[in-house]
Amino acid sequence: AVNRKARFNYSIEEEIEAGLVLTGTEVKSLRAGRANIADAFASEKEEELWLWNASIEAYGQGGHFNHDPKRPRKLLLHKKQIKKLAGRLKNKGVTLVPLTLYFNARGIAKVKLGLAT
């Protein structure tokens, strides 16, 4: 999934790659290309970074194991990176937006975040 509006609406100062905590049905939906990150953003909550408003559609064969499509997802970063980003997010007019959501060469779901003004 690519957030095409992010580079148009914001000035991207820095890019950071982060992992995601996902359930099995979310991974299957991502592999099918059923994600939308156009309205998503990341913020700090209790010394952790979370991805909000990212929509990963429910998996068709998931049954009662399916996930909530708009649930907040935890981002995996080192503590030092989280503290650095949290400090920069406290400035007025700075936000953290997802640019792309993809699988790396090892098949692990990653999100590229942009520190935007």
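Ser-55 is buried, with a relative accessible area of 17%. That value falls under the 20% cut-off, which means the residue counts as buried. The model is a predicted one. Ser-55 sits in strand β5.

Which residues does Ser-55 contact, leaving aside its neighbours within four places in sequence? They are Arg-34, Ala-35, Asn-36, Pro-69 and Lys-70. Strand β5 spans residues 55–56 and is among the elements that the buried residues of α2 pack against.

## Helix α2

Helix α2 covers residues 24–31. Its buried residues are Thr-25, Glu-26, Ser-29 and Leu-30. Viewed down the axis of α2, these buried residues fall within an arc of 140°, so they line one face of the helix. The helical repeat gives the background: an α-helix has 3.6 residues a turn, so residues three or four places apart point the same way.

Just after α2 comes Gly-33, with a positive phi of about 80°.

## Helix α3

Helix α3 runs over residues 79–89. In α3, Ile-82, Leu-85, Ala-86 and Leu-89 are buried. Down the axis of α3, the buried residues stay within an arc of 105°, so they too line one face of their helix. Lys-80 and Lys-83 are exposed, on the face turned away from the buried side.

What covers the buried residues of α3? The cover includes β1, β3 (41–45), β4, β7 and β8.

Strands β7 and β8 pair in the antiparallel sense. Eight bridges join them. One of the pairings sets Tyr-102 against Lys-110, its bridge partner in β8.

The two strands form a hairpin with five residues between them. Gly-107 lies in the turn and has a positive phi of about 85°.

## Salt bridges

Side chains of opposite charge can pair when their charged atoms come close. How many salt bridges does the structure hold? There are ten.

One of them joins the side chains of Glu-15 and Arg-7, at 2.7 Å from N to O. Glu-15 is partly exposed, at 39% relative accessibility.

Another pairs Arg-88 with Glu-13, with the closest N and O atoms 3.2 Å apart. Arg-88 belongs to helix α3 and Glu-13 to strand β1 (residues 12–20), so this pair ties together parts that are 75 residues apart in sequence. Both ends are partly exposed: Arg-88 has 28% relative accessibility, and Glu-13 has a relative accessible area of 45%.

Lys-74 and Glu-48 form a further salt bridge, their closest N and O atoms being 3.1 Å apart. This pair also links distant parts of the chain. Lys-74 is in strand β6 (residues 73–76), Glu-48 is in strand β4 (residues 48–52), and the two are 26 residues apart. Lys-74 is partly exposed, with a relative accessible area of 29%. Glu-48 is partly exposed too, at 24%.

Conventions. Residues are numbered from 1 along each chain as its sequence is written. This is a predicted model: local features need pLDDT of at least 70, side-chain atom pairs count only at pLDDT 80 or more; totals for chains, interfaces and linings use all residues. Side-chain values use heavy atoms; hydrogens and water are left out. A salt bridge is a side-chain nitrogen of Lys or Arg within 4 Å of a carboxyl oxygen of Asp or Glu. Buried means under 20% relative accessible area, exposed over 50%, partly exposed in between (1.4 Å probe, protein chains only). Helices (H or I, at least four residues) and strands (E, at least two) are DSSP runs, numbered from the N terminus. The arc is that of the directions from the helix axis to the C-beta atoms. Contact means heavy atoms within 4.5 Å. Two strands pair if DSSP finds at least two bridges between them.
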